[in-house]
Amino acid sequence: MTGLVLCEPTELYNILNQVTKLSRLTEPNYLCLLDVRSKWEYDESHVITARLVKKRAGEYLVPESVDLECAEYCVVYDNSTSSLKGTLKGDSGDDNTDEGDQGIVLGAAIECGRTLTHFTRHPIHILRGGYESFSAMYHFFRTQKIIWMPQPLQPQERKLGRKHQEELTHLCFVGDADKLLHIQIEDSLEANITPFLRHLCHFIEVHLELGSVILVFSTMGISRSCAAILAYLMHQNEQTLKRSWAYVKKCKTNMRPNRALVAQLSEWEKVVLGDIVTDILDPLY
């Protein structure tokens, strides 16, 4: 029996986006995404690929077509559960409540998740904020009509419409030197990214402080772009290559910087931390 863990909306987004040659969603044992809301809510709108979990005699039923023991990820969501602790009955805010389940109301996702832990070898992921939070952040991953918005659009925002969106796209990708950083290196073992790392980190840092959304990309999106993100995380958080690698790997499972770039990142670790900490001879790299 395994336990429950919270899954951030960004983590589910990354799980849904994983690609090798084909989307990993085509793999039958990759993701089991379960919706424990009511049937009318599910029919109105749900996260793509999610299955509706049925309930009989007060108990949640495991979908017959799902082999949970083999599923790499099992994610359960309801409307808005945001904690594994549940909420106090009456919302009294009394901190002296006993530690057991007495006085605690669990979200539907947690109730269902507890049932599913008996059938899987991996932790059951409970989506933090449920459908409302995920739909607000990633409306293009929901079906049908409902999009949960954190706050209503202001009148001036509604007036901008599609023309403004097209202008933003134009500004972001065409000819604006202040918003574009093009690093020309080949995807080969002779590639040298080291001379660009300080400028790259400064560029990302400045635009994040401005509240910008930054897209880092390369031809395949698995080597050079991942090396750039690793370098920035090491610099920004003053952390090891190993720790940065684990974080990016969690978001993009098919990342694969070539050996030359890994060696340069090892030297960058020495610049950032004053010494080489990560053993890149480890098979992980």
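**View 1. Strand E2 and the strands beside it.** Strand E2 is joined to strand E3 (residues 51-52) by 2 bridges, and the two run parallel. Helices (H or I, at least four residues) and strands (E, at least two) are DSSP runs, numbered from the N terminus; two strands pair if DSSP finds at least two bridges between them. This is a predicted model, in which local features need pLDDT of at least 70, side-chain atom pairs count only at pLDDT 80 or more, and totals for chains, interfaces and linings use all residues. Residues are numbered from 1 along each chain as its sequence is written, and side-chain values use heavy atoms, with hydrogens and water left out.

View 2. In E2 (residues 31-35), 5 of 5 residues are buried; buried means under 20% relative accessible area, exposed over 50%, and partly exposed in between (1.4 Å probe, protein chains only). Leu31, Leu33 and Asp35 lie on one side, Cys32 and Leu34 on the other, and both faces are covered.

View 3. Side chains of opposite charge can pair when their charged atoms come close. Asp35 and Arg37 form a salt bridge (a side-chain nitrogen of Lys or Arg within 4 Å of a carboxyl oxygen of Asp or Glu), and their closest N and O atoms are 2.9 Å apart. Asp35 is buried because its relative accessible area is 0%; Arg37, at 8%, is buried as well. The charged end of Arg37 also sits over the ring of Tyr131, 4.3 Å from its centre. A charge counts as over a ring if NZ of Lys or CZ of Arg is within 6 Å of the ring centre and within 35 degrees of the ring normal.

View 4. The structure holds 6 salt bridges. One of them joins Arg128 to Glu8, with the closest N and O atoms 2.6 Å apart. Arg128 lies in the loop between strand E9 (124-127) and H4, and Glu8 in the loop between strand E1 (4-7) and H1, 120 residues apart. Another joins Glu72 to Arg24 (3.1 Å, N to O), residues that are 48 apart in the chain. Glu72 is partly exposed at 32%, whereas Arg24 is buried at 14%. Arg24, Glu27 and Glu72 are linked in a network of salt bridges.

View 5. Rings of Phe, Tyr and Trp (its six-membered ring) pair if their centres lie within 6.5 Å; planes under 30 degrees apart count as stacked, over 60 as edge-to-face and the rest as tilted. There are 9 aromatic pairs in the structure. The rings of Tyr13 and Tyr138 have centres 4.4 Å apart and planes at 10 degrees, so this pair is stacked. Tyr13 lies in helix H1 (residues 9-17) and Tyr138 in the loop between helix H4 (130-137) and helix H5 (155-173), so the pair ties together parts 125 residues apart in sequence. Phe140 and Phe141 are tilted because their planes stand at 45 degrees, with centres 5.4 Å apart. Ring pairs link Tyr13, Phe134, Tyr138, Phe140 and Phe141 into a cluster.
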